[in-house]
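Colleague: I have a new structure on screen. Please show me how to read it.

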Amino acid sequence: MNIIIPENYFYLFESVGERCVLPSKTVIFYESDDANDIYLLIKGRVRAYLSSSQGKQITLEVLKKGRIFGDGSFLNHSVRKANMATITDAEFIRCHITDLMPILQKNSDLMILMLQHLTSTCNYLTHTIERLVNYNSTQKVADFLLKQITERNPFLIHMKILQDV
């Protein structure tokens, strides 16, 4: 479940944040950087990825318009857990979390969206760990295919029977 922030909320982020434009293939932040800002993607695509000490990269997720990233900034003294880089030319709004909190307190609908986003991220990470630890190779492929299908059409969730192979 990808939580998308509707465009009618963008102005709230912009009222306390800074609009940024970056060309494709530009790093936004690195793993282990201080996490003080949260980002709302308003144009383009960015990817979250991890890098090994040997330079190998694995993409965790590709984000599109309306997605939030950098949500580790909700925690005091947090550091980034992944790298973020633009795939295409991208435009986003960067907000310092302390500036965004009063906006969230005044707008309960936006606060609910943000909490849904955080829950969705937690669910995604939990499922990823479950898949890595408990699924055999056939179940991993079935889970991947199911994810591709249900992201395009959430009503096909009953196809989960593939996962029981």
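**Strand pairing**

Modeller: Strands (E, at least two residues) and helices (H or I, at least four) are DSSP runs, numbered from the N terminus. This is a predicted model, where local features need pLDDT of at least 70, side-chain atom pairs count only at pLDDT 80 or more, and totals for chains, interfaces and linings use all residues. Residues are numbered from 1 along each chain as its sequence is written, and side-chain values use heavy atoms, leaving out hydrogens and water.

Colleague: In what sense do strand E2 and E7 pair, and over how many bridges?

Modeller: Two strands pair if DSSP finds at least two bridges between them. E2 (residues 27–29) pairs with E7 in the antiparallel sense, over 2 bridges.

Colleague: How many bridges join strand E4 to E7?

Modeller: E4 (residues 46–51) and E7 run antiparallel, joined by 4 bridges. Val46 stands opposite Thr86 in E7.

Colleague: Which residues of E7 are on each side, and are they buried or exposed?

Modeller: In a regular strand the side chains alternate between the two faces of the sheet. Buried means under 20% relative accessible area, exposed over 50%, partly exposed in between (1.4 Å probe, protein chains only). E7 spans residues 83–86. Asn83 and Ala85 lie on one side, Met84 and Thr86 on the other, and all are buried.

Colleague: What share of the chain is buried?

Modeller: 35% of the 165 residues count as buried.

Colleague: How many helices and strands does the chain have?

Modeller: It has 4 helices and 8 strands. From the N terminus, the order is α-β-β-β-β-β-β-β-β-α-α-α.
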